[in-house]
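The points below should be read with the model in view.

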Amino acid sequence: MELHGFHKLTLLDYPGYMACTIFTGHCNFRCPFCQNSSLVLNPGSQPLLPEEEVLSVLEKRRGILEGVCLTGGEPTLQPDLERFLRRIRDMGYRIKLDTNGFLPDVLSHLMQEGLVDYIAMDIKNSRARYPETAGIPGLPLEPVERSIRLLMQDARSLGIEYEFRTTVVREFHTLQDLREAGEWIQGAEAWYLQAFRDSGDLIGTGLTGYDADSLHAMAELIRPYAVLTGLRGVD
């Protein structure tokens, strides 16, 4: 596994659990508002963490930590992902996976093998603006569509929780875009809007977030489209 970051404690990344967060390198998207551009564009520039070192920490924290969040980058690109998750599972941890949903076959396999407990999948935008928002002109949406169906149709029967999430950026998202995205995932278990913040390590430039009032209005707009909705990153 190509591991480039390890936050040993988080109370936010895995809802309801004391967890840690592991970051992988590489991504097949180029979202201009990505907060981890160095992991996406040049992961080799980031320190590489020995897998055994990370697993050793997890072993020592058994009984203290409850879950492990795997994020990136895009974790499903990692060829050793299944093996790595099995080692984490063997320690008794719950596993949360963050993904862009572009590799539905990998996602389906992990779900069927019982290697994930919670999946957070990005919904970048409406269908019409998805390629632009993902930073990939001509991006085919069929893999994203398959992952959406996979979560909405199969997750509950497999005992897996999931959420969709959208980082809201003024230059990419309007109320109409969110309305169209909501119609796409109508009936989802959970959909959260995330306030955009410039981390200083973005892929794009000149991007801005919405003010709190606008974000609350957007959160109200999406309420009919999912069982649970909410807003993150707003004081």
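1. An aromatic cluster. The place to begin is a group of tyrosines: ring pairs link Y14, Y17 and Y118 into a cluster. The structure in question is a predicted model, and a search of the whole of it finds 6 aromatic pairs.

2. A pair between two loops. F29 and F102 form an edge-to-face pair, because their ring centres lie 5.5 Å apart and their planes stand at 65 degrees. F29 belongs to the loop between β2 (19–24) and α1 (37–41), and F102 to the loop between β4 (94–99) and α4 (104–112), so the pair ties together parts that are 73 residues apart in sequence. Both F29 and F102 are buried.

3. The surroundings of E66. Which residues does E66 touch, not counting residues up to four places away in sequence? They are G16, Y17, M18, Y93 and R94; Y17 is also one of the residues in the tyrosine cluster. E66 itself is placed in the loop between α2 (51–60) and β3 (67–71). Its relative accessible area is 38%, so E66 is partly exposed.

4. S147 lies in helix α6, which covers residues 142–154, while D105 is found in helix α4. Are these residues buried or exposed? S147 has a relative accessible area of 0% and is therefore buried; D105, at 53%, is exposed. The two residues are 42 apart in sequence, and 8.5 Å separates their C-alpha atoms. Leaving aside neighbours within four places in sequence, the contacts of S147 are with G101, P104, L107 and M121.

5. Most residues other than glycine have a negative phi, and most peptide bonds are trans. Two places in the chain deserve attention on this account. The peptide bond that joins G72 and G73 is cis, with omega at about 5 degrees; G73 is found in the loop between β3 and α3 (81–90). H26, a residue other than glycine, has a positive phi near 75 degrees. H26 sits in the loop between β2 and α1, the loop that also holds F29. With a relative accessibility of 35%, H26 counts as partly exposed, whereas F29 is buried.

6. The chain as a whole. The chain contains 8 helices and 8 strands. Its C-alpha trace spans about 45 × 40 × 35 Å along the principal axes. For 235 residues, a compact globule would have a radius of gyration near 18 Å, so the 17 Å of this chain agrees with that expectation.

7. Buried residues account for 53% of the 235 in the chain. The accessible surface is about 10600 Å², and carbon and sulfur atoms contribute 50% of that area.

Note on methods: Residues are numbered from 1 along each chain as its sequence is written. This is a predicted model: local features need pLDDT of at least 70, side-chain atom pairs count only at pLDDT 80 or more; totals for chains, interfaces and linings use all residues. Side-chain values use heavy atoms; hydrogens and water are left out. Helices (H or I, at least four residues) and strands (E, at least two) are DSSP runs, numbered from the N terminus. The radius of gyration is taken over C-alpha atoms; the globule rule is 2.2 Å times the number of residues to the power 0.38. Buried means under 20% relative accessible area, exposed over 50%, partly exposed in between (1.4 Å probe, protein chains only). Accessible areas come from the Shrake-Rupley method with a 1.4 Å probe; for residues, only the protein chains shown count as cover. Rings of Phe, Tyr and Trp (its six-membered ring) pair if their centres lie within 6.5 Å; planes under 30 degrees apart count as stacked, over 60 as edge-to-face and the rest as tilted. Contact means heavy atoms within 4.5 Å.
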